[in-house]
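Dear colleague,

Please find below the structure that I am handing over to you. My findings follow it, arranged by topic.

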Amino acid sequence: AHISRSELGLKEDSLLIVHAGNIGLMHRLNELIDAVGRLDHLEVELAITGGGVALDSAENHVKSNGYKNIKFLGYLDDVNFSGLLTLADIAAATLIPGMETVSMPSRALTYMSAGLPVLALMKKASDIGDLVVAEKCGWVAETVSEATQIINELVDDAEQVAESKKQALATYLAKYTRASGVERYSGLINN
């Protein structure tokens, strides 16, 4: 039995954005929170699961700004985490400027394996930014304002979200499964 949005304290009909995993110093979680929080008059929510050194800062940021559409879910077991990804519409990956050449948030591939498009809050010239743009499996925003604008447009564009979900899964299956990796590697050897 999968978990429901209501069991997680989430609205059934909102655009649900998920941020999962490590909440660390290299991530721009407070900026993502602002991008979604500024739209709390719309049907959009951000569900945050995981933990890390920047979690307290993020929780305090939500409280001090009075955002009502940001939910902290703590750590979820594998079943509930998978259930959350099934319920979500979009997943977010963030990275502070300057880290795009030394770090690639692997969570983006986890999201794509679940058929979730990625909202990348990072420099466009980054591994994830390049992937998302080239494969049309999400959106890249370099600033909070850009992220807010993208989310605002997606709240009323279920068709674009659905198409991006399909493209995210197709990209993952074509490029990031073990089978696709072995096939590419074999092609290099055989040529």
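Helices in this message are DSSP runs of H or I with at least four residues, strands are runs of E with at least two, and both are numbered from the N terminus. Please bear in mind that this is a predicted model.

Overall fold

The protein has eight helices and six strands. Along the sequence they follow the pattern β-α-β-α-β-α-β-α-β-α-β-α-α-α. The radius of gyration is 16 Å, close to the 16 Å that the globule rule gives for 191 residues, so the protein is as compact as a globular protein of that length. Its C-alpha atoms fill a box of roughly 60 × 40 × 30 Å along the principal axes.

Of the 191 residues, 47% count as buried. Among contacts between residues at least 6 apart in sequence, 71% join residues at least 24 apart.

Surface and charge

The accessible surface of the protein comes to about 9,600 Å², and carbon and sulfur atoms account for 52% of that area.

Nonpolar cores

The largest nonpolar core has 30 residues, and Ile33 and Ile151 are those with the most contacts inside it. Two or more residues of this core come from each of β1 (15-22), α1 (29-37), β2 (44-51), α2, β4 (90-94), β5 (118-121), β6 (138-141) and α6 (144-155). Leaving aside neighbours within four places in sequence, Ile151 is in contact with Leu15, Ile17, Ala35, Val36, Leu39, Val44 and Leu119. Apart from this core lies another, of 28 residues, which includes Leu8, Leu109, Leu131 and Val132.

Ser64 is found in helix α2, which covers residues 55-65. Is Ser64 buried or exposed? Since a residue counts as exposed when its relative accessible area is over 50%, Ser64, with a value of 61%, is exposed. Ser64 and Leu15 are separated by 49 residues in sequence and by 23 Å in space, C-alpha to C-alpha.

Lys136 has its place in the loop between α5 (127-135) and β6. The phi angle of Lys136 is near 55°, a positive value in a residue other than glycine. Lys136 also counts as exposed, at 62% relative accessibility.

Yours sincerely

Terms used:
Residues are numbered from 1 along each chain as its sequence is written. This is a predicted model: local features need pLDDT of at least 70, side-chain atom pairs count only at pLDDT 80 or more; totals for chains, interfaces and linings use all residues. Side-chain values use heavy atoms; hydrogens and water are left out. The radius of gyration is taken over C-alpha atoms; the globule rule is 2.2 Å times the number of residues to the power 0.38. Buried means under 20% relative accessible area, exposed over 50%, partly exposed in between (1.4 Å probe, protein chains only). Contact means heavy atoms within 4.5 Å. Accessible areas come from the Shrake-Rupley method with a 1.4 Å probe; for residues, only the protein chains shown count as cover. A nonpolar core is a set of buried Ala, Val, Leu, Ile, Met, Phe, Trp, Tyr and Cys residues joined through side-chain atoms within 4.5 Å.
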